[in-house]
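Morning, everyone. Let me put the model up, and then I'll walk through its contacts and folds.

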Amino acid sequence: MAVSDLAHASKVSASARGGHVDIARLSVLALVAVLALLPLLAGGFLLYSLSLSIANAVAVLSVSMLVRYGGEVSIGHSFFVALGAYAVAIVEHRLGLSIAVSLPLAILLGAGGGFIFAFPSRRLSGIYLAVATMALALALPEILIGFEKFTGGFEGLYIAQDLVPGVSKALQRYYVTLVVLIVVCLALAHFRKSAQGLALLMAQAQPRAAEAMGITRSWARISIFTVSAALASLAGALTGFASSTVSPNSFTFFSGVFLLVGSVVSLNRLSLPAALVGGAFITLVPTYLAKAGDWVPILYGVALVAVTLAANAGDLRRFVPGRRAR
Amino acid sequence: MSVAGFIRDILPLLWSGTISGCLYGVGALGLVMVFKSSRVVNFSHGNLACLGAFVVFGFSSGSLLSLSWASAVALALGIACAIAVMSYAVIAPIVFKSDLASTIATLGVGLILQGAVQLVFGADIVNLDLPVPRFNFSLGAIRVSSYDLAVLVVTLAIVGSLFVIIERTKLGVAFRAVSTNPFACEVCGLNLRSVHLFSWLAGAVLGLVAALLIVPTTFLSSTTVPSFMLQAFTAAVVGGFSSLPGAAVGGILVGVAMNLFSFYVAPEFMNTFLLGVILLTLNFFPNGLLERAIGGRV
Amino acid sequence: MTVAAGSGLVADGISLGFGGLQVLSDVSLTLRPGVITGLIGPNGAGKTSLFNCLTGLYRGQRGHSSFAGRPLDGMGPAQRAGCGITRSFQNLAMCPDLSLLENVLVGLTLKRRSGWFSAFVPTPAQRAEQQDTERRAMAALNELGIASAAHQKPSDLPPGTLRLAEIARAIASEPRAILLDEPAAGLNAVETRDLIRALKRLMRPDLVLLVVEHDMDLIMELCEHIYVLNFGKMIADGTPAEIRAHPDVIRVYLGDDADD
């Protein structure tokens, strides 16, 4: 599979016979090239923020994936992000192992956590899941603080180990997260064509027809949440690595809501450019509007309302599925 | 733990759990009314209640104005209702199209209200008491305070008047009809929008009342009231999310369970406990604990 | 002709009520393999209810059903699909995000073995399976003469094509029983003709095929055995000639438009 598959998968197949596809592929390739060269121009705090934006882009993708393939809203994905981030930190502190070990572990932990969490509401409408994710988001800070022995309590933990020896810390953070984001986008483009991807889209659009093809609603709900939580946890591992630290400060109730904001702002798309827009929006806005701190929730809220209204008024009707009975 | 000690502890725990549970129930009633009529989970419920409580504080403490408590509450109710109408107006274009999109939009409204509170009142922690004379008396092992009585009286009054509105008025009949079958109602010429508006206004009032009564037990900050709403959400889930009596009883059950958990197990893991309650309820009683006992009516 | 117990799809004494309304009372039918069976009846006769009982969408009915000797009672739609029973939908159940080919591919989900790992990471085995299932889906589209629309979105296609695609999806997984719910609804005369030809072509000696319709002409032309339902009761069954001559059928169903 080529890097050019990064362009939004459905767009590619829709215009597979047209001329637009080359332009779309070329512009994504150009974007990758620009991203690869960016450290030549940016350094210091800007490069650090960009690394975090890329890590957050992966987290945004995990929420978008849940909306696209599951038609579900989560405001508690910060829980799974934290799971991944703390996995990296704790593995380093307890076992002295780098992200090479803890990244796969984070994915497995996220998948397990997602499965356990989604299981109880497997037969209910997505609204119950959304309520449960709210509890998840609110429980997270007290869990992080309560299990001080492992999590370092309020102070959190540092992540110091490098992945590639001999490369400067700033460049490592940037390139490792960038490579993972690109791989994730490729994997998502592949997923769109896979048996599971098609089955999930059908289960969301036509639950009854899907059921008659052997795709049960509970299977769909549990699988998409498990996969999405695994991706969120992977994103968390990257966030931890890119920021070199984990602490409860980065995982308040609002972090989960912000991830949803990033997803909505990127129109829940699963392409590389969309993910970057979402990740950058939720990372750079608070960083560079720090003085206007209290305006950030208002800005995010307005963005959430405006994009949701615009997306539903216009031609993006598949943005979220239509009304569903319980 | 001795048996005598257990008996000495348990009654006050049940009593205070019931008192705070009444408030969770009142908060949950607002969520359930909105959900029943418009199929939207209103995530801005807590933020609006928080804003209302801060308005009461600002207008009665002198930080904005120095009005009497009662007129500050009247003003806050007016503002909360105006905001509820505006929130509904924002969501109205998509409310019939997609439950999830309108639910996301309520999160946006919640963020805006949250930001407004932080902008106007800052991140300060303030006290906001009820203007009731302080007294206590003992009833066996239970100490009853004037606060407890105020909560009980207000809860009974508000639940009672809600019941009368829903059972006896034309609007209430329309509300019950809409929550049973919205499409049939539209065909019959009932105005869905006015029923929606009624439930959103009722939700705002219930949320603010619950917030004003819960704040004296802790303190008021830009985060306490929104997170208090988790208790209301849990109560609604325990009650089945579309049953008004379920929400009220669910509130009391959650209040008592939380009190027992925090006394006997771990007070620092309250939200985690509520998460567990929600997940267990969804798994074993997806239609609420009281499904068989009272059903989904009213 | 008698059938050995255990072959085909058998429903025995199905009764179904909603509230006080009795929708089906003591309905029995046997769908034999190799025979195109039709189910007709006027509007409200209970055709769709019976259909939904057979596909497992409704539960709580009385009576028993079995497929190839295996009891189906208590199975939901997904489990019945696992037994090799597929169905089409009267209201076109296409996913708008997927191309026509992909919509048919979903019908093959149960046949696919690739796991979650290869859903995200391309593997040779997954690639081979992908090509194989795509070939089968294309073959199904070809069989119904709509292969040229394979890469288009459902929203760009006429209802007739989508109707045929529904059937292509049902046959793509090479099921042992196909239940079609009003397959000719919304089709014009030419499309209906194509449909009849396609259905006759795909008939095999081991396949159970049920067509639920209110279009009498289609049923008479297509089916070898016909059941007639009225007010939730089976009033007649037999060959097209027998049904045409059956006094009850003429009275309740053909009455007005027998001379058309």
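A definition to begin: two residues are in contact if their C-beta atoms, placed from the backbone, lie within 7 Å. This is a predicted model, so local features need pLDDT of at least 70, side-chain atom pairs count only at pLDDT 80 or more, and totals for chains, interfaces and linings use all residues. Residues are numbered from 1 along each chain as its sequence is written, with chains lettered from A and ligands numbered from 1 in the order in which they are written.

Chains C and A, then. Their contact takes 28 residues from chain C and 26 residues from chain A. Helices (H or I, at least four residues) and strands (E, at least two) are DSSP runs, numbered from the N terminus. On the chain C side, at least two residues each come from helix 2 (77-82), strand 6 (85-87), helix 3 (100-106) and helix 4 (116-120). Helix 2 of chain C has the largest share, 4 residues. By class, this side has 16 nonpolar, 8 polar and 4 charged residues. Nonpolar means Ala, Val, Leu, Ile, Met, Phe, Trp, Tyr, Cys and Pro; charged means Asp, Glu, Lys and Arg; the others, Gly among them, are polar.

Next, chains A and B. Of the 2 pairs of chains that touch, this pair has the most contacts. Chain B gives 37 residues and chain A gives 44 residues. Helix 4 (99-121), helix 9 (224-238) and helix 11 (270-284) of chain B each supply at least two residues of the chain B side. Helix 4 of chain B gives the most, 16 residues. The chain B side splits into 24 nonpolar, 10 polar and 3 charged.

And chains B and C? No contact joins them; their closest C-alpha atoms lie 16 Å apart.

Helix 4 of chain A brings A:Ser78, A:Phe79 and A:Ala82, while helix 6 of chain A brings A:Leu136, A:Ala137, A:Leu140 and A:Leu144. That is 6 nonpolar, 1 polar and no charged.

Last, chain C has an open antiparallel sheet of 4 strands, order 2-1-4-5. Strands pair if DSSP finds at least two bridges between them. Strand 2 (21-31) and strand 5 (70-71) of chain C are the edges, each pairing on one side only. Strand 4 (residues 62-67) of chain C pairs with strand 5 of chain C over 2 bridges.
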